[in-house]
Amino acid sequence: MLLARRRVATAMMSTNSGYSNMVSMLLAALLTLACISPAQAAIDETISEHEGKSVVIPCPVNKAKCGDLHSINWFKGDDRIAAMLLGDSNVTSVSDEFANRVTVDQNPFRLIIKDLKISDEDIYLCDTTFLIPIETCDNFNGYRVELNVLVPPTEVVILDEKGDRIENGSIIGPMQERQTLKATCVVRDTRPQPQVGWWRGNKRLMTHSASYVETDGLFTATLELTQELSRDDLARDIECRVESAALPNKLINKFRVDLQVRPTSISINGVEHHTVQGSKVVLTCDVHGARPAVNLTWYNSSAVISPEENELTEIRTKAFEKDDGTYHTQSELIFNATRFENDMIFRCDADNVVLQLNREKPFTSSLTLEVLYPPVVKVSPPEITVNTSDTVLLNCEYVANPASLTQVVWYRNGDLVNVNDTERYEGGNSENVALVIRATDKEDVGNYTCQLSNVIGKGISEQQIDLDVQFAPIVEVLMIPEGPVKESDESNVTLYCNILEANPAVLTKVRWYANATLLKELPDCEETKEDLCHIDPSKLLLESIGRGFFYNYSCEGYNAAGWGPRSEDKELMVHYEPGPATLTHFPLTAVKKKSVTFSCSVDDPGYPESNRFRWLRGGRGPLQDIVTKDWTVEPVGLDSRTNYSCYAYNEGGKGVMATVDLVVHAPPFFIKNLVPYTGMLHTSRTANLTCRIECVPRCEITWLKGTEPIELNDTRYFIKEKYVDASPATGDFESMLSVLHFNMSNWPNQKFDIESDSANYTCVSTGNTVGPGIKSSTYFSIEYAPDNSTVSEEKVYVQEGTIPGRVICNAKANPSAHYSWFFNNTKLGQDQALIINTPMTRNDSGVYTCVASNKHGRSTAETIIDVQFKPRCEIERHEIDDQDTLICTAFGNPLEADFSWSIKAENDSAEWLGSGERQGFAEKSFYVLDDDYAIARTYRCVANNTVGPGTFCEIEVAEQLAWWQRWDKTTLIILIASILALLLAVIIICCIIICICRRRRRQDKLQDKSSSLGDPLTEPGEYENLPFHGLQTAPNKPLSAAEFDDELIYADLESQHYGPINYKAASLYALVKKDKKTGAMNEVKT
């Protein structure tokens, strides 16, 4: 490698001695540097970059220390690849090899290599040459940069023993512990050489060194792994880790071995020392460290335990995978302990595929079970029959664990036997479990069982000893039916002498008693009647029971032990009905809406004594809710006018019934009274008043007008009366109906007077024996439709935005009128007063109608609400009397307005021009413009009425009006319409002419050519009217063929009716001649 040198341009060197000394010192330094070999030159910076990217190699230049640069040379190793000459020329040169990939920059100075290649890796030197060396400059050797080209590996793969690829993150196997694992990690096409290692977790595995193969500057690394598998490899990743400067992070490929291992331990637990019969036993077999999980088998001694063969046995087996991949297998043997499992050996065997492949015995663990159970008891003999006062031995045997007893108990029929009563019993304790009964009695009869207890529990004998001791019967009387018995039924009663206690429980004789007196002893074989000898003596039949059988009955029973005591008395109760009833009531005459009380009594109350009664009304009943001797009917009504009956009753039946008829009167009472108000239209042709009064006995009715009776001879009225029968449907008694008719034919003008004929009318009745007279009044009012409707204000003025005052509507009417207000067919309210609570708008102006109405008719009244508002204005420009005039029109209410004209100045100020001219208009103002203005002006107009001034309106006047602008709109519209109509008429006429001409042209073309040689086509007199009439006749000869031109214009071109002949057709015909033989037309040669 060439050494970098500081070159100083000789042309710039001065002859000055000072400069000579400096040059001498610089040359000496260069000679010293030349002696240093390239290998000894220090590297200033190391840069690493990936293949294909761009890299920047810096060239630091300190002008402050070294002065201005003359040139820079770039070297790759010993080869110069670029140079830069500074100064005015500023020339840069790059070697051809790097011309497309290398550029040189300044400020700062740097070399840029694009599309980096592996061959670009080298030591790069930036050699600088200064114009004038400075002593402080220390950059003699240039700036060296070591460039490393990085290439990440194309792939990292793991191969198995057979050379097959192991995918990253995959699981291989299964494999067994102690088996050898072989794998190879290959890192392909990378630079620089990678560091490769095998790892398991944080531990690096022992391997040989990696081998490297370089191809085209890229390295392929290979590292083999040979590992004997152990439990340490369970659930652990085996990783190939690659580290390189070309990689930002470690590159890891890994896999995991599905490793199968033996179990490490087995144990049984669940019962310590012993268990108790009936307890739930859970024996747990735990096996650890196996993969895959083991298979567990339970044994009872040498027999395999199978839940399918024993429903009370259950085996639950579960396997739990641990973090290391092994399994903890747990099996529970669940059963209820019995005495048959005592001293039995339970064993658990565990086996998996590793043990099977290596032909090893299963792991095993066992446990001996001790079961404690209560005594199992048996008694004997099963049956014993003895007589009273005999001695009896009851035996009891047992087996138990533990065998020592803590308690001995004997039961008779489930009741505890007091074995501590040594006068009657012997034994029956833990020392002597058998029981001896010294002297038997009837109380000793029963079933005996023995119960023994130890520290575990108690056991009772399933068998029992049946002890039978004979004794005399104790009886009771049973009665069927149980009673009481009704005399009226004439039924039978059977008495039974029922055994309460007896041994044997069979009665051979029975004595029957009535009120403690012996009636009969059965069976009675001394009688001549055989039917009393061969019968059941415990049954006595009583026939057709009546009140004479009312006794207390008892009996005595006899069996092999003798006669027993007499039973307690049993009463035979006989029920019979009460005697006839007597019925009274108070008061004797009942009054409507009051009460009446009925009383029922009997002399013979029957048995049991009667205090209950049944009541009937109108022959219907009995009434279920009344059972007392007294019955009060309240209130009395029409339906109370009927017969009433009663009778007493008890459990024996009902007595004889008593009946009375009830008479009911009614005091005067209005069924139909007069309503307080009766309205009648004054033009009605018929009118009447009706009242109906209920009264029994009958009463009389009279009519009053005011306080004066209406006489029968008053022809204005006539009265009709009727006595009406009672109405069961309404409950009304007999009543008087009276109707007062108004005979309208005898009234003045045959109608009512609306002022004087309204009055009070009263219907009055007389009294009767049960009540005073009554009366009812009505005000007879003459009614008429609303009339003479008026409003308080016929016209109301209101300003826009304000609320008008009330307007009251009144009308004369009977009944009083109802009021409604309407505006534009819209209902506003139903009050007598028109109340508007919202501010008025100009659209609210108009007629408001009040409608007064009642049931007889309606009447209307109107008020006008005039909503006044400020005017708005519009300005128009017209020529009036040859003067350019502005017209300001106001639109407001009231219409009449004052006007103010002004001109708007540049600063928005206004110059007042006056009020203009009215010219007879209340709502318009005319302002005549000057003829000499030359600039645009803005004229404003403000209208003001009694409400106030409106907003101004304005118009921009740019120039004097054109002639059409001076006309008013109507005149201008008429002018434009006339012009348009004239244009339309011209267009229509032209269209008609064109259509006629085209039609005639088509007719000329269809005309036969020979028609031009015949008669003239003109009508008589038409030829004389042609323009060329009187001229010389044209020669009747054709044009020569040479002169013939089809472009000629003929006189008859446009119409066949112009000229005497068809000149074109004649000219064409003259040029040809018909051949007589062939008939062909030949052209004539001239």
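Which cysteine does a disulfide join to Cys66? In this predicted model, the partner is Cys137, with an S to S distance of 2.0 Å. Cys66 lies in helix H2 (residues 63-66) and Cys137 in the loop between strand E8 (122-130) and strand E9 (143-150), so the bond ties together parts that are 71 residues apart in sequence. The link is right-handed, with 85° about the S-S bond. Both Cys66 and Cys137 are buried.

The disulfides number 13 in total. Another of them is formed by Cys185 and Cys240, whose sulfur atoms are 1.8 Å apart. Here the angle about the S-S bond is -70°, and the link is left-handed. Cys185 belongs to strand E13 (residues 180-190) and Cys240 to strand E18 (residues 237-243), 55 residues apart. Cys185 is buried, at 0% relative accessible area, and Cys240 is buried with a value of 0%.

Strand E13 also takes part in an open sheet of five strands, which run in the order E11-E10-E13-E17-E16 with antiparallel pairing. Strands E11 (165-166) and E16 (211-215) are at the edges; each has a single partner strand, so one side of each has no neighbour in the sheet. E16 pairs with strand E17 (residues 218-228) over five bridges, and Tyr212 stands opposite Ala221 in E17.

Cys990 is in no disulfide, and the nearest cysteine sulfur, in Cys991, is 6.9 Å away. Cys990 is partly exposed, with a relative accessible area of 40%. For Cys997, the closest cysteine sulfur is that of Cys995, at 9.4 Å, which is too far for a bond. Cys997 is likewise partly exposed, at 43%.

Note on methods. Residues numbered from 1 in each chain as written. Predicted model: local features only at pLDDT ≥ 70, side-chain atom pairs only at ≥ 80, totals over all residues. Heavy atoms only, no water. Pairing = 2+ DSSP bridges. Helix = DSSP H or I, 4+ residues; strand = E, 2+ residues; numbered from the N terminus. Disulfide = S-S within 2.5 Å. Buried < 20%, exposed > 50% of the residue type's maximum accessible area, 1.4 Å probe, protein only.
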